[in-house]
Amino acid sequence: MGDKKFSYNLVDEPWVPCQMPGSGAPETLSLRDVLARAHEVREVSHQSPLVTAALHRLLLAVLHRVFGPADYGEWQRLWGRGRFDPNAVAEYLAAWRRRFDLFSEGRPFYQVGRMERAIEHPAALLAQEAATGNNATLFDHSRNDRPRLYTAAEAARYLLAQQAYAIGFGKSDPFYFRDGPLTRGISVLAVGRSLFETLLLNMMPYTSSSPVPPQAGGDGRGPAGEDMPFWEQDFPEEPESEGSPVRGYTDYLTWQSRRIHLIPEEIPGGGLGVRRCQLQQRLRLPSPLPRDPFKAYYEPRAADDGGAAAVVGPLPVKYNTARAVWRDSHALIQRADATRHRPLLFDHLAEVERARAAGEIEAEPRYAVAVYGLAFDPQNAASVLAWGRERLPLPLSYLRDDELLASLGRALKLADAGRSALRSATLEAARLLVSPSSEKGGSDAGASAKAEDFGAESTYWSRLETPFRRLMSELPQADPGEGVRATEEGEHDPRLSEWARTVRVTAAGALAETTRNLRGSARSLRAAAQGDSLLRRYLRKALADYPEAFEAEAAAAV
Amino acid sequence: MTTEITDRAEAAAAAEAAGGGKEMKPREVAFVDYLEALAARDDRAALARLRRGLGKTLDEARETHRYVMPWLRNLRRKSDELGYFTVATLFALYPERSWRRPEGDRRPTNMGASLAVLTFENQDGSAGVERRFNAMLDGDREALPDHLRYTITLIKNAGVAVDWERLIRDINQWEHPERFVQTAWSRAFWGATPEDFTEESTIPEEE
C-alpha cells in the first residue's frame, strides 16, 4: 500500500462471468463489452445465485440510464434492433468511468473510502454468504493471520452480492445492520435465448415514477433529487436510522446497503487482489419497503403477526427451500387477487406476449424464469439456512390466459390431493409400526416422526417435478384457434387425465419405495401392507374426479 | 390295490412326462396335478400315507416316499424338497383342487389371500388366525409346516380355496433375503379390501 495507486476499472477490465452459446468456453467480459456483445452472450452466470442476481441488476441499471425505455413503443424498438447500440453504451460508461474504478481513492465503485474506525475483516466475509448462503461464521476472526486472497474480479462480484443481499443483523455503525433490497423473499428474472433478450425481457418501462416511485425516508424527508444510480450521485445519501429516501428505480437497483471498503494489494505474478475489507452499515430502506418489481408479495392476514410490530403493506413471498418453486407456480403466476401480487415483471412479460401474439414483435411464446431466494431460519430472522435457485419454463400465455392458468392450478391441486393421500397412508403405516395394537390416536407424536423419517413425501415431490414441467410446457399447446381445446362437457383435457394418472402412480411408487424396507417382522409387513391398501383407497377418493387415472395399462402384464 | 412299486412307477412316469415332451409344465404344477389325480380317483391309501407325513421330516416319513421322491429328482436345491413334501402332506389333509382364478384376474392366491378370505368369512376366529399368521411371518422356514398344518385345518373347515402350486414355491423361497414371499402374503392378508372377496372383479387389482 503506502503511496501506491491501485486501479481496476470495471468498465474496461474483464470481470463479468459469461456463458457463451453452444459449447463455447465461458468468458469473462468487461462491463462495456458484456453490454455491447449481449446478443452474443448466452447468459451471465456465476456459481452463486446471489452474485448472478446482483449482476443482472447492475446491468439493468446501466441499460435503463442509457436506453430508457420510456414506454412500450420504445421497448419494442429496442427489441427489434437485436442488440444494444455499442456506441451509446460506451459513451455513457465513458462519462461515468471514474466512478467504476474498484480502487479509486475518492469514490471506489460501490464502496466508500477507507473508514477510520472500522476494523478490517478477511475479504472472505463478503464471499461467505454468496458462496454458501450461510452466514453462520459471519464474524469469525479466528483465521485472520493470512486470509485468502481474492482477485479484483472476484471481489467485485461479491461486493455486488453483498449490497443486494445484505442481511440485517448485528451491531454496526451508525446503526444496526439492515437488510438489503433482495434479502427477503423470492425474486425472479426472465431468461431469454441470449443475454440481450434476457436483459430486455427484464427491462420494464422506466420513468420517474415506475417501476419504483420516489419515496420519502423514515424521517419524512424526500429524495435529494431525481432518480439516478449510485455512481451518478455526486452527493449520496447519508445513513439514516429511520430509513433513507429512495429517488427511484435505478437508485433502488443500486442501493448501497453497506459501507464497504476493499483493501487492494498486488498479486505476485501480476494483477490486483483483495485480502481484507471493511464493512459497516450504510443505507436502510424506508418503510414501507419499496415494491420490488421482481418479487412476489402477499397481504398478511391481520392475525399473522400476533401483535408484534405493526405490519405495513404487502410482504414479499418467502423462499422456502423445502418446497420447490414449481409447486407454487400457479400462485406465482396468477394475476392479483385480494391476497397476492405477482411480480410486476410478469405484467411486463404479459405485454410482451400480447405484442407477440398480435404480430407486433418477433419473440418466443415461451421463455424461462429464474427464481432466487434466501431461506431463513423461521426462529431467527438473521440466520440464513440456504440459498436457492430454480428455473421454471414459462410459456408466456399463462400470464394472460386465466383459463389456461386455471388448468395448471387444477393440476397442482391434484398433486396436493395425491400428497394428502400419501401423507395419511404413511402416517397410518407409521402408527402401526410404532404401536400396532393401540387404537387410532395412540402415540401420534412417535408416529409422525416415524412417518417423517420415511421420506415418502419428498420422494413424491421430487418425482413429480419433471412430469409437471412437461405438463406446464404442453398445456398451452392446444391453441384455441385450432379446433376444440376444451373437450366436450364432462370430458377432461387428456393431459390432465394423464397427469392424474401420474399423480396416482407416483404416490403409490413413493410409498412402495418406503415400505419396501418394511419386511423384517410381521409388524413391519403389516404396516407396509396396510399402508399400501389405505393409499389405494385414499387415492381413489382424492382423484375421484379422474377415474380414468385408475384404468390399468393395457400391457401391464407381469 | 397297488403296491409300492407300482405307486412309485406311476409317480415316476408322471414326473417324467411333465418334465419332458410337449407339455413342459413347471414341476410344482405337474406335482399338484398328480396329487389332484390321486384325489380324483379316490386313492384313500395314498392320501392316508401322505397324511402320516404330517409332523415328520421327509426322511422320517418313509410312507410318503413312493409318491414324493420320484418328483424330487434333479432338484436344483436340495432344500426345495421341503416345499414339495410339505404340500403333499397338507394336500392330503385337504385334498381340494388348487385355487385358480380366471384369466385376467390378477388378484393374489397365496396363503395370505386364503387367510384373508378365511377371516373375512369368519370374523370370530380372526384374531387367532392373525396371531398365527404373525408367528408364521416372524418364523423361519422350518417352522412353516407346523403353522400351515394349523391354518389348513381351519381353512378346510371353512371350505376356503388354497393355491397349492403357489404354496410349494412360497415355502421354498421363504428364506430369500428380499422376503418377497412374506411381503406378498402380508399384502394379500392385510391389504385386502371387500371387493377382493367377490368372485369376479371388474377392476383388476393393480400391483
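Predicted model: local features only at pLDDT ≥ 70, side-chain atom pairs only at ≥ 80, totals over all residues.
Residues are numbered from 1 along each chain as written, chains are lettered from A and ligands numbered from 1 in the order written, and side-chain values use heavy atoms, without hydrogens and water.

Chain A overall. I looked up 15 helices and 13 strands in chain A (DSSP runs numbered from the N terminus: helices are H or I with at least four residues, strands E with at least two). Of its 558 residues, 53% are buried (under 20% relative accessible area, with exposed over 50% and partly exposed in between; 1.4 Å probe, protein chains only). For contacts in chain A with a separation of 6 or more, I noted that 71% join residues 24 or more positions apart (contact is heavy atoms within 4.5 Å).

Next, the interface. I see 18 residues from chain B and 16 residues from chain A in the contact. The area buried between the two chains is about 1,600 Å², with 47% from carbon and sulfur atoms (accessible area, 1.4 Å probe, lost when the two parts are put together, summed over both). I counted 3 salt bridges between chain B and chain A (a side-chain nitrogen of Lys or Arg within 4 Å of a carboxyl oxygen of Asp or Glu). I also got 6 residue pairs in polar contact across the interface, both at pLDDT 80 or more (N or O atoms within 3.5 Å; within protein, one able to donate a hydrogen and the other to accept it, and residues adjacent in sequence count only if both atoms are side-chain atoms). On the chain B side, helix 7 (126-138) and helix 10 (180-190) each give two or more residues. Helix 10 of chain B gives the most, with 5 residues.

Then I zoomed in on A:Arg519. I found A:Arg519 in the loop between helix 14 (494-515) and helix 15 (522-542) of chain A. A:Arg519 counts as buried because its relative accessibility is 16%. A:Arg519 forms a salt bridge with B:Glu178, closest N and O atoms 3.1 Å apart. Within chain A, its side chain reaches the backbone oxygen of A:Arg516 at 3.5 Å. Leaving out residues up to four places away in sequence, I have A:Arg519 touching A:Ser524, A:Leu525, B:Pro177, B:Glu178, B:Arg179 and B:Thr183.
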